[in-house]
Amino acid sequence: MMRLQAVRSALVVIACAMFAACAGDRESSSGQPSFYQSLAAPGAELDANAAQSMISGYRHNNGLGELTLDPVLMRLAGDQARAMALRDKLDHAINGEFKTRMKSSGFDAKVAVENISAGYHTLAEAFSGWRDSAPHRANMLNQNVTRMGIAAVYAPNSKYKVFWSLIMAAPDDKRG
């Protein structure tokens, strides 16, 4: 059983790397793919397109549709990650109740999901952490979501160094 899980994990990582490469994933100055770039440094930026490709590839491998980056969800994810970094606290409600944030931004609050984390320095680590956690994996594999926003915020004085927020949702019928 453990060997099968290890093989599956390796295949997911390889598939994600291939999807990211096909999506024109940019490389860091060290020449490695951006999903391996440490975000625990001043000025480091998350490659949202690589994140979208990685998560959509994982969903595709599980029979689900691709997610598209949404500017409103990108802003909301950034606000959540910044709020957690400022308070050095991992908390879904630190920037207001999640369902309220979604509804006021034009998303169906019944469908919206959020993964947060801290301490992962790379996109690959954050993705692996979420994939290996049953509730976070269930969020990434939610069949009703169609859009996503993701953010990573560097907090130099925190033991975690990087705070993450991934929000996936479907637009409210009124938003389109």
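Mentor: Begin with a crossing: α2 passes α5 in a right-handed one. A crossing is right-handed if the near helix is turned clockwise from the far one by less than a right angle, and left-handed if anticlockwise. Helices (H or I, at least four residues) and strands (E, at least two) are DSSP runs, numbered from the N terminus. This is a predicted model, in which local features need pLDDT of at least 70, side-chain atom pairs count only at pLDDT 80 or more, and totals for chains, interfaces and linings use all residues. Residues are numbered from 1 along each chain as its sequence is written, and side-chain values use heavy atoms, with hydrogens and water left out.

Trainee: At what angle do the axes of α2 and α5 cross?

Mentor: Axes are lines fitted to C-alpha atoms, for helices over the stretch in contact, with angles from 0 to 180 degrees between N-to-C directions. Here α2 (residues 48–61) and α5 cross at roughly 30°, their axes coming within 11 Å. Angles under 35 degrees count as roughly parallel, so α2 and α5 are roughly parallel to each other.

Trainee: Which residues of α2 and α5 meet?

Mentor: Contact means heavy atoms within 4.5 Å. Ala50, Ala51, Met54, Ile55 and Tyr58 in α2 meet Leu123, Phe127 and Arg131 in α5.

Trainee: How many residues of α5 are buried?

Mentor: Buried means under 20% relative accessible area (1.4 Å probe, protein chains only). In α5 (residues 123–131), 7 of the 9 residues are buried, including Phe127 and Trp130.

Trainee: In which sense do β3 and β4 pair?

Mentor: Two strands pair if DSSP finds at least two bridges between them. β3 and β4 (residues 162–169) pair in the antiparallel sense over 8 bridges.

How values were computed. Buried means under 20% relative accessible area, exposed over 50%, partly exposed in between (1.4 Å probe, protein chains only). Angles under 35 degrees count as roughly parallel, over 145 as roughly antiparallel, 65 to 115 as roughly perpendicular and the rest as oblique.
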